[in-house]
Amino acid sequence: MQAIALIVRIISRFNILIGHFFSWFSLGIVLVCFTVVVLRYVFSSGAIWLQDLYVWLNAMMFMGIAGFALFNNSHVRVDIFYRPASRRHKARVDMFGSLFFVAPFAFVLVYWSLPYIQRSWQFMEGSSNFGGMPGLYIVKSFILVFAFVVAIQALAMFLRGVLVLMDKEHLLPEEYRYQEDQ
């Protein structure tokens with residue numbers, strides 16, 4: 001059980017660090033968008049690559065923080081029954097969802113996006129806008145980042161459920177456990 005708790009802690013900590021890193025992209029998005037607006041309306045000028053940049057930053061931020069959102073229960077959930085449920089019921093629901101929804105989703109996402117991403121890398125694809133940014137293949141690669149961070153966080157949720165059902169949740173730090181007000 002110690003090994004399971006260690007895996008949950010490592011995965012959760014990884015997604016917390018990645019989430020905090022990519023959350024800073026929101027500041028970049030605001031600054032770049034502000035710059036685009038000032039250039040356009042104050043100086044009657046513009047830069048297509050800047051417009052690409054804030055859209056691409058948003059895409060990378062969204063895909064990068066997905067595992068962190070899953071860790072924090074910040075994802076969409078119909079929680080009429082989940083929120084007031086016991087820790088054991090939440091654990092069963094999370095285990096079921098991880099195994100039968102998230103895992104197949106991540107697999108299908110990787111399976112179908114891999115040729116798309118490989119093709120983008122082969123062509124060293126850039127923006128379709130004239131004067132846009134090069135490196136669109138890097139942004140498209142974030143589809144795999146998204147699948148990875150969500151899949152490993154689902155694994156951590158499944159393993160946390162195992163700990164709860166075995167009455168070993170105390171092996172996890174308090175912030176990684178089910179909260180009563182969730």
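The following questions and answers concern a predicted model of a protein.

Visitor: How are residues numbered, and what limits apply to the values?

Guide: Local features in this predicted model need pLDDT of at least 70, side-chain atom pairs count only at pLDDT 80 or more, and totals for chains, interfaces and linings use all residues. Side-chain values use heavy atoms, without hydrogens and water, and residues are numbered from 1 along each chain as its sequence is written.

Visitor: Which pattern does the protein follow along the sequence?

Guide: Helices (H or I, at least four residues) and strands (E, at least two) are DSSP runs, numbered from the N terminus. The secondary structure comes to six helices and zero strands. Read along the sequence, the pattern is α-α-α-α-α-α.

Visitor: What is the radius of gyration of the protein?

Guide: This quantity is taken over C-alpha atoms, and the globule rule is 2.2 Å times the number of residues to the power 0.38. For 182 residues the rule gives 16 Å; the protein is well over that value, so it is more spread out than a compact globule, with a radius of gyration of 20 Å.

Visitor: Are H5 and H6 roughly parallel or roughly antiparallel?

Guide: Axes are lines fitted to C-alpha atoms, for helices over the stretch in contact, and angles run from 0 to 180 degrees between N-to-C directions. Helix H5 (residues 87–123) packs against helix H6 (residues 136–165) at about 160 degrees, with the axes 8 Å apart. Angles under 35 degrees count as roughly parallel, over 145 as roughly antiparallel, 65 to 115 as roughly perpendicular and the rest as oblique. The angle therefore makes H5 and H6 roughly antiparallel.

Visitor: Which residues of H1 and H3 make the contact?

Guide: Helix H1 (residues 2–23) and helix H3 (residues 48–64) pack at about 160 degrees, their axes 9 Å apart. H1 and H3 are therefore roughly antiparallel to each other. Contact means heavy atoms within 4.5 Å. H1 contributes Ile18, Phe22 and Ser23, and H3 contributes Met60, Met61 and Gly64.

Visitor: Is leucine 163 buried or exposed?

Guide: Leucine 163 lies in helix H6. Not counting residues up to four places away in sequence, leucine 163 touches Met1, Ile4, Ala5, Lys168, Glu169, Leu171 and Leu172. Buried means under 20% relative accessible area, exposed over 50%, partly exposed in between (1.4 Å probe, protein chains only). Because its relative accessibility is 0%, leucine 163 counts as buried.
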